[in-house]
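Hi everyone, thanks for coming. I'd like to walk you through a structure that may be new to you, so please have a look at it with me.

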Amino acid sequence: METEHGVVMPRRLQVEFSGVVQQHTDAHGGEVSADDIWRLFAQAYLETGTPVRYREHHLFEHGNAQGIRLKVDIDGTPRLLTGEGNGPIAATVQALRSAGFEIQVRSYEERSMSPASDGAEARASAFVEIAGSDAECYGVGIDANIVTASIKALLSGVNRIACVTCAEGRRQAA
């Protein structure tokens, strides 16, 4: 992950992701290649567009607070969420809460990623551990802009919690 894609995961995320890899090997057996690991990581953390999909955001100052206008699709319906906080992450959390996503940030890390060998611009990765009412998990965002990466990480976490909550509900109903 680090050598091929420039992603250096926090230790607790490594532990969480190892469970994803273990589930894959249990289901499919055999060796897991570097490409397989990246594909699993992308599916689990970067391609989590349900129920919330990022469209765009705009930050603004409001007195001593920072505000956000966050355009997302929630279950396929375009929504404009707004929030305020002491920075863009707190503002995004408040915006998400206004749409019924009760989350709390447990930890946050950001890292620059080495530029791609083809001369592409450097990117940033953000890792957010969040807690919802019934689950805790990591979200990951990657973007050229660290604020955008952070917002995408929050949405990744919200979507992953939604998956865990739905899976728990299906297990309890069975």
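Predicted model: local features only at pLDDT ≥ 70, side-chain atom pairs only at ≥ 80, totals over all residues.

Let's begin with helix H3, which covers residues 34-46. How far does helix H3 reach from its first C-alpha to its last? With 13 residues, helix H3 reaches 17 Å, close to the 18 Å expected at 1.5 Å a residue. And which residues of H3 are buried? They are Trp38, Leu40, Phe41, Ala42, Ala44 and Tyr45.

Some of those names come back when we turn to the rings. A pair of aromatic rings is described by the distance of the centres and the angle of the planes. In this model the count comes to four aromatic pairs. Take Phe17 and Tyr45, which form an edge-to-face pair, with 6.1 Å centre to centre and 65° between the planes. Phe17 sits in helix H2 (residues 11-28) and Tyr45 in helix H3, so this pair ties together parts that are 28 residues apart in sequence. Both Phe17 and Tyr45 are buried.

Now for another pair, Phe41 and Tyr45. Their rings are tilted, 5.2 Å centre to centre, with 35° between the planes. Phe41 and Tyr45 are four residues apart in helix H3, so about one helical turn separates them. Why does Phe41 count as buried? Because its relative accessibility is 0%, and the cut-off for buried is under 20%. Tyr45 also counts as buried, because its relative accessibility is 0%. If you'd like to find the whole group on your screen, look for Phe17, Trp38, Phe41 and Tyr45, which ring pairs link into a cluster.

Let's move on to the sheet. In what order do its strands come? The order is E4-E5-E6, in an open sheet of three strands with antiparallel pairing. Strand E4 (104-113) and strand E6 (136-143) are the edge strands, each pairing on one side only. From one strand to the next, the twist averages 15°.

If we zoom in, E4 and strand E5 (residues 123-131) are joined in the antiparallel sense over nine bridges. Met113 stands opposite Arg123 in E5. And here helix H2 returns: H2 lies across E5 and E6, running at about 105° to E6.

Last stop, helix H5, which spans residues 146-173 and includes Ile151. Is Ile151 buried or exposed? Ile151 is buried, with a relative accessible area of 1%. Leaving aside residues up to four places away in sequence, Ile151 touches Tyr54, His57, Ile68, Leu70 and Thr92.

Thr148 is buried, with a relative accessible area of 9%. What does Thr148 touch, again not counting residues up to four places away in sequence? The answer is Tyr54, His57 and Asp143.

Key
Residues numbered from 1 in each chain as written. Heavy atoms only, no water. Helix = DSSP H or I, 4+ residues; strand = E, 2+ residues; numbered from the N terminus. Buried < 20%, exposed > 50% of the residue type's maximum accessible area, 1.4 Å probe, protein only. Contact = heavy atoms within 4.5 Å. Expected span 1.5 Å × (residues − 1). Phe/Tyr/Trp six-rings, centres within 6.5 Å; stacked < 30°, edge-to-face > 60°. Pairing = 2+ DSSP bridges. Axes fitted to C-alpha atoms, helices over the stretch in contact; angles between N-to-C directions.
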